[in-house]
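Here are some notes to read alongside the model. Keep the sequence and the 3D view open, and find each residue as we come to it.

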Amino acid sequence: MDGIFEEYKKLNIDGRWIGLEAGGNDPCFCTPVGAETFGWDNGIHFCFIDGFGETVFAVDAECCCEHLVFPLARNFGDFLRLILAAGNTCQIEQIIWWDKKTFEEQLNDPGNVEYANRPETKAALNAIAGLGITPMENAFEYVKEIQKDFPYDKLQFTNEYYDILGLERPDGTERDDVYHGEFRISGIFYEEK
């Protein structure tokens with residue numbers, strides 16, 4: 001595992017100010033098999049996945065794109081560099097469905113700038129910088145490059161994932177009748193059928 005990850009954990013910072021709150025390892029239906037979750041921002045969580053080395057992933061059950069799990073950084077050090085560049089995980093996680101103009105507008109949004117200048121946020125960012133980490137240059141391009149050629153079909157999910165999305169299970173088994181309602185995803189909302 002990336003030595004920077006171990007150093008980050010020793011900081012014991014309040015990660016909620018940068019969208020990286022500790023705790024809560026409860027997976028959701030789209031958390032891949034073999035995921036090690038290390039941080040949360042509301043329902044979005046960040047993890048490593050067995051078989052993908054040190055790559056950092058986001059898991060977002062309400063994502064507005066075709067993937068609910070996607071890579072953000074080649075390693076945890078780069079992930080921290082992205083956070084320093086953006087001020088938190090929120091803008092980084094949304095790159096998958098944003099264009100560069102939207103990303104830059106969000107970075108410069110007065111509300112986001114004000115939030116980044118809160119003492120609590122600055123304290124968390126300064127603690128990360130204290131590890132010798134510098135902000136990622138060309139953060140948007142870095143993330144897009146990783147996501148462009150990623151083999152999404154290699155991610156493995158539980159049967160619950162396929163059942164909830166109404167997809168055929170790759171192992172060929174039939175859906176269990178343990179669910180008390182069928183759900184489908186429409187945009188970013190869950191709707192009962």
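**Notes on the fold, point by point**

1. Let's start at G51, which is exposed, with a relative accessibility of 80%. Here buried means under 20% relative accessible area, exposed means over 50%, and partly exposed lies in between, using a 1.4 Å probe and protein chains only. G51 sits in the loop between β2 and β3. Helices (H or I, at least four residues) and strands (E, at least two) are DSSP runs, numbered from the N terminus. In space, G51 is 9.1 Å from L155, C-alpha to C-alpha, although 104 residues separate the two in sequence.

2. A word on what you are looking at. This is a predicted model, in which local features need pLDDT of at least 70 and side-chain atom pairs count only at pLDDT 80 or more, while totals for chains, interfaces and linings use all residues. Residues are numbered from 1 along each chain as its sequence is written, and side-chain values use heavy atoms, with hydrogens and water left out.

3. Now the overall plan. The protein has 8 helices and 6 strands, and along the sequence they follow the pattern α-β-β-β-β-α-α-α-α-α-α-α-β-β. Of its 193 residues, 41% are buried. Contact means heavy atoms within 4.5 Å. Among contacts between residues at least 6 apart in sequence, 56% join residues at least 24 apart.

4. Look next for the open sheet: its 4 strands come in the order β1-β2-β3-β4, with antiparallel pairing. Two strands pair if DSSP finds at least two bridges between them. The edge strands, β1 (35-41) and β4, each pair on one side only. From one strand to the next, the twist averages 35°. Axes are lines fitted to C-alpha atoms, for helices over the stretch in contact, and angles run from 0 to 180 degrees between N-to-C directions. Helix α2 lies across β1, β2, β3 (56-59) and β4, running at about 85° to β4.

5. How many bridges join β1 to β2? There are 6, and the two strands run antiparallel. A35 has I49 of β2 as its bridge partner, and E36 stands opposite F48 in β2. The hairpin of β1 and β2 has 2 residues between the strands, and N42 takes a positive phi near 60° there.

6. On its other pairing, β2 meets β3 in the antiparallel sense over 3 bridges, with H45 opposite V59 in β3. This hairpin has 6 residues between its strands.

7. Why is β2 described as largely enclosed by the rest of the structure? Because 6 of the 6 residues of β2 are buried. I44, F46 and F48 point one way from the strand, while H45, C47 and I49 point the other way.

8. Helix α7 (residues 139-148) shows another pattern of burial: A139, F140, Y142, V143, I146 and Q147 are buried. These residues cover an arc of only 165° around the axis, which puts them on the same side of α7; the arc is that of the directions from the helix axis to the C-beta atoms. They pack against β4 (69-73), α2 (76-86), α3 (89-93) and α4 (100-107). Take Q147 as an example: its relative accessible area is 6%, and among the residues it touches are F70, I95 and Y152.

9. In soluble globular proteins, nonpolar side chains tend to be buried together. A nonpolar core is a set of buried Ala, Val, Leu, Ile, Met, Phe, Trp, Tyr and Cys residues joined through side-chain atoms within 4.5 Å. The largest one here has 53 residues, of which F38, F76, F79 and L155 touch the most other members. Elements that each supply at least two residues include α1 (3-11), β2, α6 (119-129) and α8 (159-165). The largest share, 7 residues, comes from α2.

10. Finally, the cysteines. How many disulfides does the structure hold? It holds 0, where a disulfide is a pair of cysteine sulfur atoms within 2.5 Å. The sulfur of C28 is 3.4 Å from the closest cysteine sulfur, in C30, which is too far for a bond. C28 is partly exposed, at 26% relative accessibility, and C90 is partly exposed too, at 30%.

Terms used: Lists of a residue's contacts leave out its neighbours within four places in sequence.
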